Amino acid sequence: MRNLLNKLKAKQPETRQNASLLTVTESAKQKIQSVIENEEVDVQGLRISIDGRTSSAFEYGIGLEVEPFPDDLVIDCGEFEVFVAPESAENLKGATIDYVEDLSSSGFKIDNPNAPTWDNPKAQEIQRVLDEQINPAVASHGGHIDLLDVKDDSIYIHMGGGCQGCGMA
């Protein structure tokens with residue numbers, strides 16, 4: 001019996017060590033709990049992950065989950081838990097999840113002190129060219145170009161603002 005209890009304890013995600021990973025404000029906790037209470041299935045928590053990036057910001061995935069994945073980092077928020085994908089944890093250290101409402105919009109806002117950086121030397125050089133040569137030129141037309149990824153000999157970018165259809169692009 002003691003071995004069974006130890007195995008069960010070992011399978012439970014450790015929450016104390018993860019409590020300082022990120023912060024959930026009271027307004028975000030209230031909104032998350034409200035959404036969970038309106039679900040038709042039993043929801044255990046909120047999943048957050050970094051799903052992509054631009055040159056200056058991460059792109060986040062947020063959704064409700066009925067249970068954590070085995071390797072998730074789990075943060076206890078009282079009424080619910082926050083599940084953090086392990087590959088996203090390093091870039092979420094110190095982040096704050098907030099819920100904001102104003103006259104024109106409402107939603108979750110993630111304040112993250114971490115900025116995306118490129119580890120790939122080819123991506124670093126492409127980002128430098130975008131920052132120093134290309135973006136200043138397209139900015140004069142109201143546009144901007146974000147480097148999304150570099151894989152082998154393929155470059156993935158996002159063109160925004162005035163870039164769509166512009167001859168400068």
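Two strands count as paired if DSSP finds at least two bridges between them. Helices (H or I, at least four residues) and strands (E, at least two) are DSSP runs, numbered from the N terminus. The model is predicted, so local features need pLDDT of at least 70, side-chain atom pairs count only at pLDDT 80 or more, and totals for chains, interfaces and linings use all residues. Residues are numbered from 1 along each chain as its sequence is written, and side-chain values use heavy atoms, with hydrogens and water left out.

Let's start with the sheet. It's an open one, built from 3 strands in the order β1-β6-β7, with mixed pairing. Strands β1 (22-24) and β7 (106-111) sit at the edges, each pairing on one side only. From one strand to the next, the twist averages 25°; axes here are lines fitted to C-alpha atoms, for helices over the stretch in contact, and angles run from 0 to 180 degrees between N-to-C directions.

Here is how the two pairings look:

Another pair is V100, whose bridge partner in β7 is G107. A hairpin of 4 residues links β6 to β7.

What packs on this sheet? Helix α2 (residues 26-37) does, touching β1, β6 and β7, and its direction makes about 70° with that of β6. Contact means heavy atoms within 4.5 Å.

Now for helix α4 (residues 121-139). Its 19 residues, at 1.5 Å a residue, should span 27 Å, and the end C-alpha atoms are 25 Å apart, which agrees. The expected span is 1.5 Å times one less than the number of residues. Even so, α4 has a kink of about 40° centred on L130, where the bend is the angle between axes fitted to the seven residues ending there and the seven starting there.

L130 is also one of the buried residues of α4, along with A123, I126, Q127, N135 and V138; buried means under 20% relative accessible area, with a 1.4 Å probe and protein chains only. Their cover includes β8 (143-151) and β9 (154-161).

How values were computed: Buried < 20%, exposed > 50% of the residue type's maximum accessible area, 1.4 Å probe, protein only.
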